[in-house]
Amino acid sequence: MPRQGYSVGLRVFSLNCWGIHYLSKHCPQRYDMIGDMLCKEEHDIVLLQEVWSEKDYLSLKQKLGCSHPHSHYFKSGVIGSGLAIFSKHRIHDTFLYRYSLNGYPYMAHHGDWFGGKAVGMAVLKIGSLTAIVYVTHLHAEYCRDKDSYLPHRVVQSWELQQFIRHTSAGADVVILGGDLNMHPQDLGNRLLRTSTGLRDSYLETAKFDGCEDGMTLIADNPFISKKDLAPFEKGIRIDYIMFKGSSKVAIYCDLMSTTTGSVPEHPFPYSDHEALTAELRLETHVAELVDIVTEARTEVKVGLHCAERMRYTATRTGVMGLALLFLELAIAAVPWLALGAEQPFPRTSFYMLAALCFAILLTTFLLYIFYTMELKSLQGAEDQMRLAVGSLQEKLRGFPLAQPHNTQRRPPEGLEPSAFDPEE
């Protein structure tokens with residue numbers, strides 16, 4: 001049986017866009033750059049944070065209409081959650097959970113409270129698989145030595161892991177992307193990964209390309225104040241793409257990459273954060289299960305043939321015992337048929353032979369019943385396995401093949417990209 005179609009590639013992109021109009025530098029130009037790059041790269045799933053203006057989201061939505069026809073903008077708080085998702089795969093359902101703690105309203109210069117920090121969830125169908133994708137942005141860390149927001153961020157991590165655990169139970173694939181504002185070994189990060197079983201793509205990747213140590217806030221980025229990174233000479237890693245599979249699907253990270261500051265042929269980067277791309281490989285366990293069930297079915301068939309042979313042997317032995325009993329009865333009838341004739345066998349031998357015949361008949365009858373029951377059980381199991389193999393093969397035929405990522409998609413002729421948008 002060919003092994004084609006057992007795996008699929010999935011490219012996931014995450015970026016904190018730093019989209020604060022009038023405060024963030026070169027905001028319109030950077031959104032144009034981000035849109036052009038996403039059109040060109042055609043990631044399967046795009047997770048964006050700090051898209052604070054819905055107009056910017058709608059602009060991206062129109063530009064990405066061909067490459068990412070499905071999208072959703074998560075609205076929350078005073079100015080919004082800033083979270084958005086774009087996808088090649090249809091979005092079937094969405095939900096937003098707003099964190100109960102998110103800084104202080106009187107710390108207006110930090111602005112986190114007004115943003116309505118939250119986690120957005122989207123349910124996607126990738127072939128026959130159900131993928132639940134989360135995008136989030138946790139409270140910023142403004143001072144590592146005296147971090148007054150640490151309890152809030154830990155509570156957000158706790159609520160995030162609870163939300164993921166309670167909403168992803170039926171998922172084949174779980175993906176989380178976003179700006180967690182936590183270093184890899186911070187308490188909230190460890191809590192999140194340990195509780196949910198999510199795996200960090202940077203730690204799991206077979207190959208990495210990008211900033212040293214996977215950093216996403218680097219000193220070489222012109223939008224970053226080196227004063228803010230003073231304790232960390234080269235930068236910090238606070239943006240993540242995490243993932244986990246299920247009993248049905250194994251998931252691996254083949255390549256993890258980040259941008260490295262300024263974009264080639266442009267005077268500045270996409271954002272003050274570096275963008276992340278994780279190239280994931282999904283391998284269904286259905287293929288392995290088909291082989292295992294087929295092997296089990298073969299063993300059951302061997303058992304069937306053995307049980308049939310044993311039942312036939314028991315039947316033949318029973319017939320021989322019955323024939324011997326009839327022969328003995330015929331011999332016993334000789335004195336009645338030939339008057340005056342004496343019994344040719346001694347009585348003791350005659351009764352012992354009769355007892356042996358009855359023992360053979362009883363034993364073979366019981367064996368016949370036992371092997372008949374065994375046959376029916378084996379036949380029932382083999383029928384169920386045959387149906388299971390057929391069902392699993394159907395699933396395999398519905399499992400998507402890995403597609404080239406740079407295949408240009410076009411809307412139907414006569415439609416503008418904005419019209420080619422089945423779902424917001």
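I45 touches L10, R11, V12, F13, I85, F86, S87, L124, V133 and I175, leaving aside residues up to four places away in sequence, where contact means heavy atoms within 4.5 Å. The model is predicted, with local features needing pLDDT of at least 70 and side-chain atom pairs counting only at pLDDT 80 or more, while totals for chains, interfaces and linings use all residues. Residues are numbered from 1 along each chain as its sequence is written, and side-chain values use heavy atoms, with hydrogens and water left out.

**Nonpolar cores**

- I45 is also one of the residues that touch the most other members in the largest nonpolar core, which has 28 residues; L10, V12, I85, I175, L280 and L282 are the others named.
- A nonpolar core is a set of buried Ala, Val, Leu, Ile, Met, Phe, Trp, Tyr and Cys residues joined through side-chain atoms within 4.5 Å, and buried means under 20% relative accessible area, exposed over 50% and partly exposed in between, with a 1.4 Å probe and protein chains only.
- In soluble globular proteins, nonpolar side chains tend to be buried together.

- Helices (H or I, at least four residues) and strands (E, at least two) are DSSP runs, numbered from the N terminus.
- The expected span of a helix is 1.5 Å times one less than its number of residues, so the 15 residues of α1 should span 21 Å, and this agrees with the 21 Å between its end C-alpha atoms.
- C27, R30, Y31, M33, I34, G35, M37 and L38 are the buried residues of α1, and what covers them includes β1 (7-16), β2 and α2 (54-63).

**Salt bridges**

- A salt bridge is a side-chain nitrogen of Lys or Arg within 4 Å of a carboxyl oxygen of Asp or Glu, and by this rule the count comes to 14 salt bridges.
- Side chains of opposite charge can pair when their charged atoms come close.
- K88 and E42 meet through their side chains in a salt bridge of 3.8 Å, N to O; this pair links distant parts of the chain, with K88 in the loop between β4 (83-87) and β5 (91-98) and E42 in the loop between α1 (27-41) and β2 (45-49), 46 residues apart.
- K88 counts as buried at 16% relative accessibility, and E42 is buried with a relative accessible area of 0%.
- R297 and E382 form a salt bridge whose closest N and O atoms are 2.6 Å apart; because R297 lies in helix α7 (residues 286-332) and E382 in helix α9 (residues 347-398), the pair ties together parts that are 85 residues apart in sequence.
- Both R297 and E382 are buried.

**The surroundings of R237**

- R237 lies in the loop between β12 and β13 and, at 7% relative accessibility, counts as buried.
- R237 forms a salt bridge with D200, with the closest N and O atoms 2.9 Å apart.
- R237 touches, among others, M182, H183, P184, Y202 and L203, not counting residues up to four places away in sequence.
- The C-alpha atoms of R237 and E274 are separated by 9.6 Å, although these residues are 37 residues apart along the chain.
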